[in-house]
Structure formats: C-alpha cells, structure tokens
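Take a walk through this structure, one step at a time. Keep the sequence and the 3D view side by side.

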Amino acid sequence: MEKLIGTLNKENIKDLVVWQEVLYTGILYTARDQAHKRLLELIAKGKKLPFDIQDKIIYYCGPTPSLKGQVVGSCGPTTSSRMDKFTPRLLENGLLATIGKGERSLEVIAAIKKYKSVYFSTYAGCGALLAQYVFEKQLVCFKDLGAEAVYAFTVKDFPLIVAIDSKGDNIYVKSS
Amino acid sequence: MRKISSELIKNKTAEIAIKANTKLRSDVLLLLKKSLAEEQSPLARKALTAIVDNARIALKQKLAICQDTGLPVVFVEIGNNVYVQDNINQLISQGIALGYKQGGLRASIQKDPISRESKLAYAPSITHTDVVKGDKIKITVLPKGFGSENKAQVKMLNPTASIDVIEEFIVQAVKTAGAGACPPYIIGVGIGGTQDYAGLLAKKALLKPITVKNKQKQLADLEQRLLAKINKLNIGAFGFGGKTTALKVNVLTYPTHIAGLPVAVNISCHALRSASIII
C-alpha cells in the first residue's frame with residue numbers, strides 16, 4: 001500500500017484505505033470537547049460558524065502552551081470517542097476529515113461512509129514528537145477556552161494512519 | 001521538630017512537576033525498549049519506535065511528553081517531626097501551579113465541573129497526605145492524563161468470588177478501554193479495602209516500579225497471568241494490534257470486610273509519569 005504524501009481533498013481521500021499511511025501537509029484545525037459543543041450549538045441555531053469547516057480537517061488536540069522559541073508545545077491527539085456525538089453533524093456540514101486516537105461509534109462510521117470522509121489516527125501520547133511537524137500555530141476562535149480553543153496548525157509531513165476509510169472499514173479490533 | 005519552609009515545599013513541588021512531565025520514568029522507557037525488541041508486527045514496531053523517540057525529544061527540548069499534563073495527583077508522606085507553618089495541601093497546589101506555568105505545561109483543570117465555564121487552571125491537585133515517622137517530607141507527583149483515567153473501573157464483588165472472576169473483571173476493563181487510552185498500558189489494580197480505598201490502591205500501584213517482580217509470590221503470579229491475558233487482546237501499541245497491549249500489571253492489596261471484595265482498575269497510558277523528592 002503506497003504512502004500518500006501531500007495534501008488531502010474530497011477527491012483523494014475517497015481512495016484511501018484502512019492502514020494506509022499519510023504524511024499530510026496543509027492546515028489542521030484543533031477542536032475538542034467544548035469547541036465542538038459550541039460549534040454544534042451555532043449550527044443548531046442556524047448561525048455562521050467562526051471558521052468555515054467546509055473541506056477542513058479537525059484535529060482533536062489541546063496543545064500545551066508554546067514556550068519562548070517554540071512554534072507549539074506538545075500536541076498529540078485526545079480520545080476521539082468523546083467527540084462522537086458531534087461528528088456526524090459536522091461531516092454533514094462539509095467537514096472533510098477528523099484526526100484523533102482510538103475507536104469511533106457506529107454512528108460516526110456510518111456518517112464517514114455516507115459523506116465519503118476519513119478518520120485518521122495519529123501517534124497517541126507522542127505530543128513532543130508531533131510538535132516537530134508543526135510550523136505555525138494561529139488562534140482561530142474561542143480564545144476563552146484556553147487549551148481547548150481552536151488553533152490552525154500549519155503542518156508538514158504530519159504522520160497519519162487511515163483508521164476508518166470512506167467505505168466504512170475500520171482498523172480497530174472492536175467498535176463500540 | 002524540624003521546620004521546613006513553605007517556600008521550599010512549593011519550589012520542590014514545582015521542580016518535580018516539571019521533571020515528571022518531561023522525563024519519562026526510566027523503568028517505563030526500559031520496558032518500552034524491551035517490547036520494541038520483542039515485537040514482530042511492523043505497525044506495532046513503528047508505534048513503539050515513535051513512543052521511544054517521543055521520550056527522547058521531550059527530554060531534549062524540555063517539552064511535555066504528552067500534551068495532557070494531567071490532573072496532578074500528589075502523594076505526600078510527612079514525618080511526624082516536621083513542622084510546616086502553612087496548609088500543606090495548599091502549598092502543594094501552589095507548587096504545582098508554579099511548576100506547570102514555568103514548564104509550559106497545560107492548564108487542564110476546570111474549577112466548575114458542572115457549568116464548565118471557569119477559565120482553565122493549573123491547580124488544585126489531588127493530594128493524599130500520610131503521616132509517617134521521621135523528620136522529612138517525601139513528595140511524589142503523578143500527572144494523570146484523563147484519556148486513561150476515564151477508563152478506570154471499580155467493582156464491588158462478592159467475598160466468595162473466585163480468582164477467575166476477579167481476573168475476568170480486570171481483563172474486561174482493559175478490553176473496554178480499547179485503543180483510546182494510549183496503549184501499551186500499565187495496569188494498576190487495587191484489591192480489598194473499601195470502594196474508595198481500592199481505587200486509591202489501584203492508582204498507587206502505578207507508582208511501583210514496573211521492572212521489579214512483586215515480592216509476594218501469589219501476587220507476582222496473578223500479575224503475570226493478567227499480563228498474559230491482556231496481551232492476548234491484540235489491542236497493541238496505539239491500537240495497531242500486536243502483543244504489546246500492556247507493559248506490566250501491578251497489584252496492591254489491603255484487608256477488607258467479610259461481606260465484600262472491592263476490586264479497582266486504574267489504567268495508565270504508555271506515558272506513565274511520576275517523580276519524587278525527599279526534603
């Protein structure tokens with residue numbers, strides 16, 4: 001299985017298959033529990049989101065602060081399953097893909113299949129290593145949430161593994 | 001009475017909070033490297049290599065090993081001949097906040113667990129204080145990430161439950177944790193006491209070195225059997241499969257009541273971090 005190196009879009013993610021490795025270059029938007037809650041509340045009210053999620057990739061991550069001379073602190077993935085209740089709605093609204101660690105619910109798998117998305121796993125518990133692939137960090141919205149705010153990470157060759165592909169195939173032993 | 005200054009307690013706590021978060025425990029690193037040497041699956045090897053690299057980068061660049069710098073759980077053993085002017089629990093929390101700020105560690109504490117609208121903070125820590133004999137203070141910081149803490153379980157079994165039932169509950173807890181809590185895991189088990197005390201034992205079990213065999217043969221055998229069963233679950237490093245789902249199982253026991261058998265499981269991610277200092 002060939003490694004995909006470069007950017008991701010609606011077209012090329014359809015061809016990705018489980019276990020395939022990707023070295024992604026482009027932008028990632030960090031969002032975790034509270035940011036998801038707010039995004040979904042805005043969608044429910046029919047309001048405009050503070051950033052356009054169309055064709056974007058959300059990375060479940062709450063980084064440590066950047067110390068002097070650092071682009072970003074430690075920035076590994078958080079447990080994806082806590083975002084399961086929000087993900088189908090975001091995919092429905094045009095989100096391209098998600099990145100995190102661990103299993104997803106059957107509802108999320110079905111939504112990934114329906115909207116031809118992909119769920120990636122990245123190196124869990126390796127925040128210092130993953131920081132080496134981040135070249136810029138910019139605050140996007142929800143500054144008051146601290147580590148849970150939305151940041152745009154500009155990344156190069158960020159290592160990903162296809163954990164659920166657009167056909168709904170899944171790398172994990174079980175899915176609950 | 002030996003007087004220990006509040007300033008010293010705060011500064012030393014700050015120092016080990018940073019150390020715990022940036023320098024992976026040597027026993028954990030040793031077992032990770034051993035697992036890497038023994039693992040066959042290419043993906044599991046890739047995962048274990050990344051984990052070992054991560055520890056090296058964190059130490060070199062003074063970065064947190066994991067962005068989840070945890071809810072700091074602190075164990076304090078204070079000698080009965082020590083005098084501290086201020087409230088020790090408050091001093092520990094202040095020291096944690098100082099260290100977390102200086103070390104660029106994450107403020108992950110939500111002061112209002114219900115509304116969840118408070119600004120995130122570094123502290124308070126969860127501090128367990130024991131009085132021991134002597135004129136020293138020993139402080140141990142265990143930054144507990146919540147990806148794994150969320151997978152903790154306690155079950156009140158019947159006193160007549162067989163060892164098989166106990167083992168089944170523990171293995172099932174790991175199976176339920178699945179890939180989401182950063183395997184390979186270190187499994188802390190507490191058996192006996194009360195519901196809350198079993199939970200505390202399970203957490204304390206994570207502080208025991210994981211390269212040392214349990215001195216009690218019966219428990220050493222139990223730990224071995226559990227580890228073998230857990231490593232057959234094929235969850236593997238990062239959930240990528242393989243035989244390295246857990247590095248070690250540590251069991252602590254305590255006397256319990258005739259009517260019960262509390263069993264607690266506390267799972268640690270591969271980044272099991274802790275550091276101690278004696279003042």
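Predicted model: local features only at pLDDT ≥ 70, side-chain atom pairs only at ≥ 80, totals over all residues.

Start where the chains meet. On one side, 35 residues of chain B take part, and they are in contact with 32 residues of chain A. Look at chain B's side. Helix α3 of chain B, residues 42-61, supplies the largest share of it, with 7 residues. By type, the residues of chain B that touch chain A comprise 18 nonpolar, 12 polar and 5 charged.

Now turn to two helices within chain B. Two packed helices are described by the angle between their axes and the distance between the axes. Here the pair is helix α1 (residues 6-22) of chain B and helix α4 (residues 88-102) of chain B. Their axes lie 7 Å apart, at an angle of about 45°. α1(B) is therefore oblique to α4(B). The crossing of α1(B) past α4(B) is right-handed. From α1(B), the contact includes Ser6(B), Ile9(B) and Lys10(B). From α4(B), it includes Leu91(B), Ile92(B) and Tyr100(B). The residues of this contact between α1(B) and α4(B) split into 9 nonpolar, 7 polar and 2 charged.

Finish with Gly99(B), which sits in helix α4 of chain B. Is Gly99(B) buried or exposed? Gly99(B) counts as buried, because it has 27 C-beta neighbours inside 10 Å, and the cut-off for buried is 20 or more. Leaving aside residues up to four places away in sequence, Gly99(B) touches Thr13(B), Ala14(B), Glu15(B), Ala17(B) and Ile18(B). Pro255(B) is 156 residues from Gly99(B) in sequence, and their C-alpha atoms are 37 Å apart in space.

Key:
Residues numbered from 1 in each chain as written. Chains lettered and ligands numbered in written order. Contact = placed C-beta atoms within 7 Å. Helix = DSSP H or I, 4+ residues; strand = E, 2+ residues; numbered from the N terminus. Nonpolar A, V, L, I, M, F, W, Y, C, P; charged D, E, K, R; others polar. Axes fitted to C-alpha atoms, helices over the stretch in contact; angles between N-to-C directions. Parallel < 35°, antiparallel > 145°, perpendicular 65-115°, else oblique. Left-handed = near helix turned anticlockwise from the far one by under 90°. Buried ≥ 20, exposed ≤ 12 C-beta atoms within 10 Å, placed from the backbone.
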